[in-house]
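These are my notes from one sitting with the model.

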Amino acid sequence: MDKTWNLSGAPFIPLRNIVVFPHTILPLNVGRTKSVNAIEQALSQGKMIVVSSQKNGVIEEPEPGDIYDVGVGCEIIQVLKLPDGTYRILVEGVRRVKITEFDRSKDYWDVLVTPIEDIIEESLEMEALTRSVSDRFAIYSEMNKKVPQEAMINLTNADSAEKFVAIVTSNMIASVEEKQKILEEPIVKKQLNALVTILERENTILEISQRIDDEVRNRIEKGQKEYYLREKLKEIERELGEEGEGAGVIFEIKRKLKGRKLPKHVSDKINEELDRLKRTPVLSPESGVIQNYLDWLIVLPWDKSTTDTVDVVQAKEILDKNHYDLKEVKDRIIELIAVKKLKKDLKGPIICFVGPPGVGKTSLGKSIAEALGRKFVRMSLGGIRDEAEIRGHRRTYVGALPGRIIQGIKTAGVKNPVFLLDEIDKVGADFRGDPTAALLEALDPEQNNSFSDNYLELPFDLSGVLFITTANITDTIPPALLDRLEIIPLPGYIDEEKIHIAREFIIPRQIDAHGLKKTDVDFSYNAILKIINEYTREAGLRNLERSITKVMRRVAREKAEKGSVHSRITENSIEKYLGTPDYMKESTEKKNLVGVSCGMVVTQAGGDIVYIEATKMPGKGSLILTGQLGDVMKESAQAAMSYIRTYADKLGVNGDFYDKYDIHVHVPEGAVPKEGPSAGVTIFIALVSVLKGKPVNKDVAMTGEITLRGRVLPVGGIKEKVLGAYRANIKKIILPKANEKDLEEVPKEVSRKLEFVLIDNVEEALKESLVE
């Protein structure tokens, strides 16, 4: 029979971290002095007491503001006084009440209360909510073992909505705030809605927790099973005389080795490591290190190689198909193939292609591999500063791996690939070591038959590898490394070669790449020439291909919009596709100038021309040099000035000029460093021109080192310099007499259009360059 609450006031106990609901029986431990006094007062007045939760359970002496104003009137049904003066009581919730006033004038709390009536709406929605809560609570009670079995029985027997809500709420896990909200809510439908939300969340959490527990249990069971099987396996191996914890791994390694013809030192090392693996516990970190090392030893192609194609005719066809001209390079490769045909065990030469960007150095490596029928591996050396990148780390380091050369061999799958080391001139050095020192061994045909990698600790035979390196310049390559390389220069292309390459290679490739047909677009000769002269300024072909690609994109767009197209790209229409030209067609001066002479240089972009300017001003013979010149170039200017002062009368220069004037020599593009002795003749001509007041022929370019006696010494890069001058529309070129042999390398179509003047003395240059 339900108990009733008809009191307007009663002693009060604040609760910590617990919420009491009507129609539920709950044990409470009471220890605070005022709460103990309230119990004793209630026992003397009919055993009725009011309880409510603190908002913060940490507070030891709460104020009225620290307590929720909705609580429950309870009856004390059992009391146990403990030896320390505290009480353990059993209370039964009777009625929800709202506390209207706290009386703290006594040694216990007394409160005035007003009963709270439940608002119940009889509807199908209420029935549905009740069933939903019941179903979810049934699932909850199955998954949460802490819910007592009688809770579901009590829930089934609940004869009122208030009892139903109280039983569910008091038996589920929820925060004090959430339970208090349900206690304070007078509308039963809202109470049920809150219960649905909380139970759904808790059921989801319990499902996830149960799944995690199952996974952990399965892992433990699997580990126990593996342990049991491993112990059984050890017993079997012991009977067979094949003990070791890693027997399964060892069996797999031996299976991979079956049929391999490994060098003896490799086989011995593998057997040694297998013995170590047998003695090492499977769960030991060292076991993983040994297995990883064995995997590398097994996967490396110690005994695998490809058979070279020694068909000279076929190789020539492949090289011609992929590259235009480059006769010297092709001849060198054909010679290599021919020698291999006659001598099978030829040691691989170390070839270095040197040339400006975009001339086809990297793609040549691929073509060589195709011509020889070998695998191709490319490794970029640009920016590498750590020696371990080349030679690998020792196995004592965590995550150690072989160097990139051995990794490349593994990628190729054979021990004799074509191995391209790109950008060898851009290798750096710092506190981690010098990578070029590690390359010395790999790139020496006399030593690389036993290349030592720090990780492998075994010599690997690289003598069958055809190493090809590429560089833009050789100045930054250390001499010891440069000595091991066979340098093959790849100078820039002339206009005629670029036009041919564009028509035969670039345009067909880009038509295919953009989904076009040959009939959709057509380039005229002059259109390609205009792109070369006015939209690109390079020795190679990258910007030319980039410009042609831009045209193709526009044509592809037109075709996509119109359905069909036939674009004729002419000299006049090219600006529609590429916009305003980036460079002036003429790179040379437009008129003859006093004190301005034209020199020739070699840059990373190929050959080019540079103007040297000289002027005089009132002063006392100082020589001012600007333009970020290197020491050697400054000394060339000083040598030229000394010669002029020594032979002033012979040269027709006023002999006391150095008493009246300061001379300033400047090389434009001051942000770019300049160095080398080859500007000696050019500086000399500029100085004599400004001192005599005679202009220099704008169509003449020159190069050569000078001495204090006026002799002109040979310089390097003649082919690149001549091609650069040709691209700049120079008509006459002055060269040292000793460089006459280098003119044989200049393409015939270029040399026919230029006038070459070969000199032994600087005075001969004056006759050819100054305009009288």
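I call a residue buried under 20% relative accessible area, exposed over 50%, and partly exposed in between. The model is a predicted one, and I kept that in mind throughout.

**Entry: Val-313.** I looked up Val-313 and found it in helix α10.

**Entry: α10 and α11.** Staying with α10, I checked how it packs on α11. Helix α10 covers residues 312-322 and helix α11 covers residues 327-342. Their axes are 10 Å apart and the angle is about 155 degrees. An angle over 145 degrees counts as roughly antiparallel, so α10 is put down as roughly antiparallel to α11. The crossing of this pair is right-handed. From α10, the contact is made by Val-312, Ala-315, Lys-316, Leu-319 and Asp-320. From α11, I noted Lys-330, Ile-333, Ile-334, Ile-337 and Ala-338.

**Entry: α24 and α27.** Helix α24 (residues 680-692) and helix α27 (residues 762-769) have axes that come within 10 Å and cross at roughly 60 degrees. I recorded α24 as oblique to α27 on account of that angle. The crossing of α24 and α27 is right-handed. Val-681, Phe-684, Ile-685 and Val-688 make the contact on the α24 side, and Val-762, Ala-765, Leu-766 and Ser-769 on the α27 side.

**Entry: Ser-53.** Is Ser-53 buried or exposed? I read a relative accessibility of 3%, which is under 20%, so Ser-53 counts as buried. It lies in strand β3, residues 48-53. A polar atom of the Ser-53 side chain lies 2.3 Å from the backbone oxygen of Ile-18. Leaving out residues up to four places away in sequence, I listed what Ser-53 touches: Leu-15, Ile-18, Val-19, Ile-67, Tyr-68, Val-176 and Gln-180.

**Entry: Asp-444.** I found Asp-444 in the loop between α15 (435-442) and β10 (451-452). Asp-444 is buried, at a relative accessible area of 12%. What does its side chain contact? I found a polar contact of 3.4 Å with the side chain of Arg-484.

**Entry: positive phi.** I looked at two residues other than glycine with positive phi. For Asn-17, phi is near 60 degrees. Asn-17 sits in the loop between β1 (9-15) and β2 (25-30) and is exposed, with a relative accessible area of 59%. For Glu-457, phi is also near 60 degrees. Glu-457 sits in the loop between β10 and β11 (459-460). Its relative accessible area is 39%, so Glu-457 falls between the two cut-offs and is partly exposed.

**Entry: cysteines.** How many disulfides does the model hold? I applied the rule that a pair of cysteine sulfur atoms must lie within 2.5 Å, and the count came to zero. I also read the accessibility of two cysteines. Cys-74 has 0% relative accessibility and counts as buried. Cys-598, at 2%, counts as buried too.

Notes:
Residues numbered from 1 in each chain as written. Predicted model: local features only at pLDDT ≥ 70, side-chain atom pairs only at ≥ 80, totals over all residues. Heavy atoms only, no water. Buried < 20%, exposed > 50% of the residue type's maximum accessible area, 1.4 Å probe, protein only. Helix = DSSP H or I, 4+ residues; strand = E, 2+ residues; numbered from the N terminus. Polar contact = N/O pair within 3.5 Å; in protein donor to acceptor, adjacent residues only side chain to side chain. Axes fitted to C-alpha atoms, helices over the stretch in contact; angles between N-to-C directions. Parallel < 35°, antiparallel > 145°, perpendicular 65-115°, else oblique. Left-handed = near helix turned anticlockwise from the far one by under 90°. Contact = heavy atoms within 4.5 Å.
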